[in-house]
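Q: Could you walk me through a couple of helices and the strands around them?

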Amino acid sequence: MIRAIIYDLDNTIFPVPAIGNVLFGPVFDLIAQTGQHNHDMEAIKYAIMRTPFRLVAQRHGFSQELTQAGINLQETLEYHQPIAPFEDYPLTHSLPGERFLVTTGFDKMQRSKIRQLGIEGEFKEIHVVNPTLSSKKEVFAGILERYGYAPNEVLVIGDDPESEIAAAKALNIATVLYDPAGNFSPNEATYHIKHYSQLAAIVQGLG
Ligand SMILES: [Mg+2]
């Protein structure tokens, strides 16, 4: 039986590209101005909306100085306009079990997104993971321990095979890869869905 579902935030509950140019505008300006990177600006923008910043910086040849300046800047950024979730996200509200939200990123920025989505009250716990201090795996393990959940009583839902999906796999927690655009192979997770209407059958099947 599934007793708890752990959700990722970015590109799982809402599409980051819908707010990305406003939210990351100052970061894109900084990167463009310094020129201390591999100069593929469109690929950098695409990656910043989907991948933790430190990984983007490594993969796109950012200088140490630009990496640190980008981190310092993003620690100050907040989003102030309303954010709409994916149109199918409300379907998750009818699923059984406790709901947890675990997201990696800059604390102020992530908490502003949660606020602008209006979803604070939907979760038993909300965690913003700073990857230099902790990890999603540690946070997932903490949730299992605090509530006495066995790994087979929990589902982790996310959009990134390298992040929450990998962390859950390491703890033997079943995974759901939410992939509305069909970017990934179905083999990347225990379950691969394109729409949240597919989730109820998965949860029932594990009952
Ligand atoms: Mg994500």
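This is a predicted model: local features need pLDDT of at least 70, side-chain atom pairs count only at pLDDT 80 or more; totals for chains, interfaces and linings use all residues.

Q: Okay, which residues of helix α6 are buried?
A: Helix α6 covers residues 107–117, and its buried residues are M109, Q110, S112, K113, I114 and L117.

Q: How many bridges join β2 to β3?
A: There are 5 bridges between β2 and β3, and the two strands run parallel. On the way from β2 to β3 the chain passes through α6, which makes a β-α-β crossover that is right-handed.

Q: Which residue in β3 is the bridge partner of T104?
A: T104 has V129 in β3 as its bridge partner.

Q: Switching to α7, why does its end-to-end distance agree with its number of residues?
A: Helix α7 (residues 136–147) has 12 residues, and at 1.5 Å a residue these should span 16 Å, so the 17 Å between its end C-alpha atoms agrees with that.

Q: What's buried there, and what covers it?
A: In α7 the buried residues are K136, V139, F140, G142, I143 and L144, and the elements covering them include β1 (4–7), β2, β3, β4 (154–158) and α8 (164–170).

Q: Last one, what comes just after each helix?
A: Just after α6 comes G118, which has a positive phi of about 70°, and just after α7 comes G148, with a positive phi of about 70°.

Terms used. Residues are numbered from 1 along each chain as its sequence is written. Side-chain values use heavy atoms; hydrogens and water are left out. Buried means under 20% relative accessible area, exposed over 50%, partly exposed in between (1.4 Å probe, protein chains only). Helices (H or I, at least four residues) and strands (E, at least two) are DSSP runs, numbered from the N terminus. Two strands pair if DSSP finds at least two bridges between them. A crossover is right-handed if, with the strands pointing away from the viewer, the path from the first strand over the helix to the second runs clockwise. The expected span of a helix is 1.5 Å times one less than its number of residues. Contact means heavy atoms within 4.5 Å.
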